Amino acid sequence: MSAPAVDLSDRSAECVLAARDGYQDLHGSCRQTKDVPLPHHRDILLVKRCTCWCHRYSKCPPGLA
Ligand SMILES: [Zn+2]
Ligand SMILES: [Zn+2]
């Protein structure tokens with residue numbers, strides 16, 4: 001079994017879970033839509049923007065939702 005070449009490390013917990021069957025609704029719960037820098041350390045990100053496809057398309061691509 002070969003895993004798909006999709007890096008989930010930059011996705012929010014909601015969107016990682018939403019990638020599973022039956023949890024698709026969780027894409028709508030993700031609020032991680034932009035980078036959040038650590039206070040006083042503008043170069044260090046506290047929260048990285050979620051890279052899930054659901055934030056890039058206004059509609060779910062066919063077959064993914
Ligand atoms: Zn998502
Ligand atoms: Zn997300």
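These are my notebook entries on a predicted model of one protein chain.

**Conventions.** I number residues from 1 along each chain as its sequence is written, with chains lettered from A and ligands numbered from 1 in the order in which they are written.

**Confidence.** I looked up the pLDDT, the predictor's confidence in each residue from 0 to 100, and found an average of 82 for the protein chain, with 75% of the residues scoring at least 70.

**Elements.** Taking helices (H or I, at least four residues) and strands (E, at least two) as DSSP runs numbered from the N terminus, I count one helix and two strands, in the order α-β-β along the sequence.

I checked the pairing next, for which DSSP must find at least two bridges between two strands; β1 and β2 run antiparallel and are joined by three bridges. Val 36 has Val 47 in β2 as its bridge partner. The two strands form a hairpin with two residues between them, and His 40 sits in that loop, between β1 (36-38) and β2 (41-47). His 40 is not a glycine, yet its phi is positive, at about 70°.

**Burial.** I call a residue buried if 20 or more other C-beta atoms, placed from the backbone, lie within 10 Å of its own, exposed if 12 or fewer, and partly exposed in between. By this count 12% of the 65 residues are buried. His 40 is exposed, because 6 other C-beta atoms lie within 10 Å. Zero of the seven residues of β2 are buried, so β2 lies largely in the open.

**Core.** I then looked for nonpolar cores, meaning sets of buried Ala, Val, Leu, Ile, Met, Phe, Trp, Tyr and Cys residues joined through C-beta atoms within 7 Å; the largest has five residues, Cys 15, Ala 18, Cys 50, Cys 52 and Cys 54. With contact defined as C-beta atoms, placed from the backbone, within 7 Å, and residues up to four places away in sequence left out, Cys 15 touches His 27, Cys 30, Cys 50, Cys 52 and Cys 54.

**His 55.** Beyond its neighbours within four places in sequence, His 55 contacts Thr 33 and Cys 50.

How values were computed. This is a predicted model: local features need pLDDT of at least 70, side-chain atom pairs count only at pLDDT 80 or more; totals for chains, interfaces and linings use all residues. Two residues are in contact if their C-beta atoms, placed from the backbone, lie within 7 Å.
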